[in-house]
Amino acid sequence: VVFTCLTNKEGARLHEALLALLRLHPDTLRIDLRFDPQWPTCNENYAGQTLDEAHRDACLIDRLAIALAEVDQQAFEKYVNWAFANQHLLNEARAIAEARYLIGEERLAEVKDSRAAWERTAADIRLAAELKIAKLPAVFCDQGTVYGGADAVNLHQFLRMQYGLSGGGAVLPALEPVWMGEHLLRSHARSGANLAARQRYDEAVVELRRGLQLQPQWPQVAAQLAWLLATCPEDHVRDGEQAVYYARLAMRFAEQEARERNSRRVDPVFHEVLAAAYAEQGEFDSALAAADKAVDGHLINGNKQLGLAADEQRKTYLRHEALRSTELKPTGPARTEKET
């Protein structure tokens, strides 16, 4: 299900990607277009927002698409393709002229302001409000929300990953990455943590890896996976090399988040995770350096109890021993509790 507006530039780019996918999988994909016109005259969701004048005729332009869909599916598809392709010239007069060309003057007069067209427009707007859509276009599927810069390549990768959709052999230009909705990623993180808590470690690793496939730039999930690979009591689950890789990945993205918050520090738990990963790999000098940062970070934040716990981990590394734990770190959001 795609929520869009025919005057939305990102919507036009997504439309090109969807058309490319439909050409690859005409018998497999079904795309349901819903309209969220970006103008407050018909859509109170945009009341008070500063909008470009290019959206001024969005209400009628989108409603015409819905009206055409009620009477002629082919005309609807041609109209939508035309509108997105000619977006730089789009206005009310040209939209009416194109609709008239596609279905004729008489039929257009019947459907342009029909009750069915108004009701469907209102229903789409209400649904967009219920889904709390903050930015167009928005793509929904039964696996969650797809958002971000979507193009034919990354959407096809997503469909292949989620549904096993086979490749079509087409060479398509890659643009920006596409992400799954945060709520779905969090469900994988929670599931991984729950499985680890029940000592179902193999399944926990699989679930956390799935979460990172959906969103690689998530420090908490990367850190949880690193901790599990470094400290799991079951030998066959541990992998020091992979633990160091994911711990460094988590640290990099945690530092990036900190910079975005104008902070100079990351949550000390990321240093704990990195220390445990280095110890599992046998790099105890690096483990001690990371552990020192974890202890200092907790104490600076005023968390004496966490600092003492991190110091106990540090003593383990002083003995050149790797850490074993049945708990999963980090357990909370990747944020420092106290900033200076």
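Predicted model: local features only at pLDDT ≥ 70, side-chain atom pairs only at ≥ 80, totals over all residues.
Q: Is Thr4 buried or exposed?
A: A residue is called buried under 20% relative accessible area, exposed over 50%, and partly exposed in between, with a 1.4 Å probe and protein chains only. Thr4 has a relative accessible area of 2%, so Thr4 is buried.

Q: Where is Thr4, and what is Thr4 in contact with?
A: Elements are DSSP runs numbered from the N terminus: helices are H or I with at least four residues, strands are E with at least two. Thr4 belongs to strand S1, residues 2-4. Contact means heavy atoms within 4.5 Å. Leaving aside neighbours within four places in sequence, the contacts of Thr4 include Gly11, Leu33, Arg34, Phe35 and Asp36. Asp62, Phe84, Leu136 and Pro137 are also in contact with Thr4.

Q: How many disulfides does the structure hold?
A: A disulfide is a pair of cysteine sulfur atoms within 2.5 Å. The structure holds one. Cys42 is joined to Cys59, with an S to S distance of 2.2 Å. Cys42 lies in the loop between S2 and H2 and Cys59 in helix H2, 17 residues apart, and the pair links distant parts of the chain. The angle about the S-S bond is -90 degrees, and the link of Cys42 and Cys59 is left-handed.

Q: What is the count of salt bridges?
A: A salt bridge is a side-chain nitrogen of Lys or Arg within 4 Å of a carboxyl oxygen of Asp or Glu. By this rule there are 18 salt bridges. One of them is between the side chains of Arg34 and Asp124, at 3.4 Å from N to O. This pair links distant parts of the chain, with Arg34 in strand S2 and Asp124 in helix H6, 90 residues apart. Arg34 is partly exposed at 21% relative accessible area, whereas Asp124 is buried at 0%.

Q: Which residues are linked with Arg34 and Asp124 in a network of salt bridges?
A: Asp32 and Arg120 are linked with Arg34 and Asp124 in that network.

Q: What are the N to O distances for Arg56 with Glu53 and for Asp113 with Lys112?
A: Arg56 and Glu53 meet in a salt bridge at 2.6 Å. Arg56 is partly exposed, at 44% relative accessibility. Asp113 and Lys112 meet in a salt bridge at 3.2 Å. Asp113 is partly exposed at 45%, and Lys112 is partly exposed at 22%.

Q: What volume does the largest pocket have, and which residues are closest to its centre?
A: On a 1 Å grid over the protein atoms alone, a pocket is an open set of points with protein on both sides within 12 Å along at least five of seven lines; a cavity is a set where a 1.4 Å probe fits but cannot get out, and lining residues have an atom within 4 Å of a point. Points are joined across faces, edges and corners, and a volume is the space filled by probe spheres set on the points. The largest pocket has a volume of about 530 Å³. Of the 20 residues that line the largest pocket, Ile31, Leu33, Gln73, Phe76 and Glu77 are the closest to its centre. Elements that give two or more residues to this lining include helix H1 (9-24), strand S2 (33-35) and helix H3 (73-85).

Q: How do the residues of that pocket lining divide?
A: Ala, Val, Leu, Ile, Met, Phe, Trp, Tyr, Cys and Pro count as nonpolar, Asp, Glu, Lys and Arg as charged, and the others, Gly among them, as polar. The lining of the largest pocket has ten nonpolar, three polar and seven charged residues.

Technical notes
Residues numbered from 1 in each chain as written. Heavy atoms only, no water.
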